[in-house]
Amino acid sequence: MEELISPSSSSSPPPVSLSLSAPLHSLLPSPACSPLQYRLQCLLHSRPEWWAYGIFWHASADRTTLSFGDGHFRGKRAAAASGGSDCGNDCDDTEWFYVVSLTRTFAVGDGTAPTRAYGSLAPVWLVGDQGMQACGCERSREAHLHGIQTLVCIPAAGGVLELGSSDVVGENWVLVQQASSLLSAPEDVAVFSQLTVKKAHSSGVFAGVSSSVDSEHSDSEEE
């Protein structure tokens, strides 16, 4: 069943902190990696749950459509553990779904999960067979047909972040806050990348990405 996350106003969300445990060489951005894709990689690789992909749907200037802005495909957990040798057609289906998404455009108000999140300014979290099917939108049905068991759409500055997993992942406000903070941080990419990579080299892994560039800068100066 579709759920819009509405945290209680009486409780504050926990502090945002991303810690990365994957090998450094697999997380450092490549020369061709865009700033947005770099942030998506940091988010996906920092989470304990496994997200097969992340897509940022960019809102048009007139706010009438959402189109592919950038993304990161991680694949299924089984494929990563085995080097992609035994995941079969399920992995191919998930990758195909991600690749086809590059050409997708959604009209705001069309009832799909990304546009619902964009229009309501509240996350949409679809879980399991029942939730994916009950949503009643083409995007969730297509995702489910290609092995996605959890589809999450989180509104952020300039658009919507969509996350898909082949696992059943329960609602998580910490993830929502991390995604919103990371994608809404100032676009000072030089500082963002420099500080993150500096910590990576000093510790052997990414030590963390704070909720904003300013707080990250403060932390690095205190160390």
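Trainee: In the hairpin of β7 and β8, which residue takes a positive phi?
Mentor: Gly158 does, with a phi near 85°, and the hairpin has two residues between its strands. Strands here are DSSP E runs of at least two residues, helices are H or I runs of at least four, and both are numbered from the N terminus.

Trainee: Before going on, what kind of model is this?
Mentor: It is a predicted model, in which local features need pLDDT of at least 70 and side-chain atom pairs count only at pLDDT 80 or more, while totals for chains, interfaces and linings use all residues. Residues are numbered from 1 along each chain as its sequence is written, and side-chain values use heavy atoms, with hydrogens and water left out.

Trainee: How do β7 and β8 pair?
Mentor: β7 (residues 150-156) runs antiparallel to β8, with seven bridges between them. Strands count as paired if DSSP finds at least two bridges. Thr150 has Ser165 in β8 as its bridge partner, and Pro155 has Val160.

Trainee: Is β7 enclosed or open, and why?
Mentor: Seven of its seven residues are buried, so β7 is largely enclosed by the rest of the structure. Buried means under 20% relative accessible area, exposed over 50%, and partly exposed in between, with a 1.4 Å probe and protein chains only. One face of β7 has Thr150, Val152, Ile154 and Ala156, the other has Leu151, Cys153 and Pro155, and all are buried.

Trainee: And β8, how many of its residues are buried?
Mentor: Seven of the seven residues in β8 (residues 159-165) are buried. For the protein chain as a whole, 47% of 223 residues count as buried.

Trainee: Which residues touch the most others in the largest nonpolar core?
Mentor: Tyr53, Leu66, Ala113, Leu126 and Leu151 do, in a core of 22 residues. The elements giving two or more residues to this core are β3, α4 (88-101), α5 (113-120), β6 and β7. β3 gives the most, with four. Another core lies apart from it and has 20 residues, including Cys33, Leu44, Leu161 and Leu163. A nonpolar core is a set of buried Ala, Val, Leu, Ile, Met, Phe, Trp, Tyr and Cys residues joined through side-chain atoms within 4.5 Å.

Trainee: Changing topic, how many aromatic pairs are there?
Mentor: The search of the whole structure finds seven. Rings of Phe, Tyr and Trp (its six-membered ring) pair if their centres lie within 6.5 Å; planes under 30 degrees apart are stacked, over 60 edge-to-face, and the rest tilted. Trp51 and Trp125 have ring centres 6.3 Å apart and planes at 75°, so that pair is edge-to-face. Trp51 is in the loop between α2 (35-46) and β3, and Trp125 is in β6, so the pair ties together parts 74 residues apart in sequence.

Trainee: Are those two buried or exposed?
Mentor: Trp51 counts as buried, at 0% relative accessibility, and Trp125 is buried at 0% as well.

Trainee: Where does the charged end of Arg74 sit?
Mentor: Over the ring of Trp50, 3.7 Å from its centre. The test is NZ of Lys or CZ of Arg within 6 Å of the ring centre and within 35 degrees of the ring normal.
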